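Colleague: I would like to go through this chain step by step, with the sequence and the structure in view. Could you take my questions in turn?

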Amino acid sequence: MFVDQNLYKKAFEAYVRKGTPIELSIKQARPTTHYVWRTRNDGKVRSSHADREGQVFSWDDPPTGGHPGKDYNCRCTAEPYSAEISEFLRLSINGLGTKSGWSSTDFVNHYFSGGGRGVTLNQIGHSQKIISAFFDRRGEALKGQIASAARSTRGGSISYGFENTYDMTGVVFSISDTTIGGSFSGQSIEQNGIIELSGSLDLYLDDEFADPLDVGVEVDDYRPGSILYDNIHRPLSDYLRGRAGSPTGGQQRLGVRDGKPYAITGTWFGSVEGRIYTDPSRSQYTR
Ligand SMILES: [Zn+2]
């Protein structure tokens, strides 16, 4: 039987601080000496806690900042842990960095002045955002698929590859229909209805910055006489020509084609660690 974790935690803290004895009923109901750190998994989790998702801690030895729920505004919880009955699966990616990323102006400037040279998300400082968004959308499903791959091998080598297209609009400027894929490869051992697994996870992203206005390529195809051409394209082009001191009425251009599309890519490496139920009907990690 599991006791309310907060009740035990409070009683334990009172014991540590003031020496107040822990009530016998609480002590007897104390489920475990350890717990699994659980976050809300919703992208608002501070990164130091996101790193703890699925990790096991001792009630007697709190990590920096204290047990779950202890830090300011922390919504994390402690799940009772025992080697026999608990399962967890943790995906982590290394070296995402925290530097602030390119602004939308930087993306557009590179289109006009970068000569088509590709950039990586690590270089332009957007790895953290994109990987968090990816895990928010795909993390749980990916855990389920890795777990299924581990169950189908029941010990030994596991490998699982994946790739999909994601609309990342609103996450990072201009990263819209983006291909993200990767692979997991690792080892597992099955014992007493539990599969322990660990291995490496790699991720990649492929995108292209091709059209800063999102209309330029199409606008160039409109012909004189069309509503868009006469009302938007030509007046704008004449205006730009006027500013540049060139006569109006020549070949119409908005200038958007003077830029060079460039590739936006990323590669990341990390790890997978977990302990899952062999029986999928007992498990939270299913495909
Ligand atoms: Zn937290």
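Colleague: Leaving aside its neighbours within four places in sequence, which residues is Gln55 in contact with?

Modeller: Please keep in mind throughout that this is a predicted model. Gln55 sits in the loop that runs between α3 (47-50) and β2 (56-58), and although Trp37 is 18 residues away from Gln55 in sequence, their C-alpha atoms are 5.6 Å apart in space. Once the neighbours within four places in sequence are set aside, the residues in contact with Gln55 are Trp37 and Arg90.

Colleague: Does Gln55 count as buried, partly exposed or exposed, and what is the reason?

Modeller: A residue is buried if 20 or more other C-beta atoms lie within 10 Å of its own, and exposed if 12 or fewer do. Gln55 has 16 C-beta neighbours inside 10 Å, and therefore it counts as partly exposed.

Colleague: Where on helix α4 do its buried residues lie, seen down the axis?

Modeller: The buried residues of helix α4 (residues 104-113) are Phe107, His110 and Tyr111. Seen down the axis of α4, these buried residues fall within an arc of 105°, which means that they line one face of the helix.

Colleague: Which exposed residues does the face of α4 turned away from its buried side carry?

Modeller: On the buried side, the cover over the residues of α4 includes β5, β8 (194-209) and β9 (262-277). The face turned away from that side carries exposed residues instead, namely Thr105 and Ser113.

Colleague: Which element gives the most to the largest nonpolar core?

Modeller: This core has 38 residues, of which Ile130, Ile146 and Ala150 touch the most other members. Several elements each supply at least two residues of the core, among them β1 (34-38), β4 (88-93), α4 and α5 (127-153). With eight residues, the element that gives the most to this core is α5.

Colleague: In which element of the chain is confidence lowest?

Modeller: For the chain, the mean pLDDT is 80, and 75% of its residues reach 70 or more. Over residues 215-221, however, pLDDT stays under 50, and the model has nine contacts beyond four places in sequence for them. Confidence is highest in strand β5 (residues 119-120), at 94, whereas it is lowest, at a mean of 45, in helix α6 (residues 216-219).

Colleague: What percentage of the residues of the chain count as buried?

Modeller: The chain contains seven helices and nine strands. Among its contacts between residues at least 6 apart in sequence, 67% join residues at least 24 apart. Of its 287 residues, the share that counts as buried is 23%.

Terms used. Residues are numbered from 1 along each chain as its sequence is written. This is a predicted model: local features need pLDDT of at least 70, side-chain atom pairs count only at pLDDT 80 or more; totals for chains, interfaces and linings use all residues. pLDDT is the predictor's confidence in each residue, from 0 to 100. Helices (H or I, at least four residues) and strands (E, at least two) are DSSP runs, numbered from the N terminus. Two residues are in contact if their C-beta atoms, placed from the backbone, lie within 7 Å. The arc is that of the directions from the helix axis to the C-beta atoms. A nonpolar core is a set of buried Ala, Val, Leu, Ile, Met, Phe, Trp, Tyr and Cys residues joined through C-beta atoms within 7 Å.
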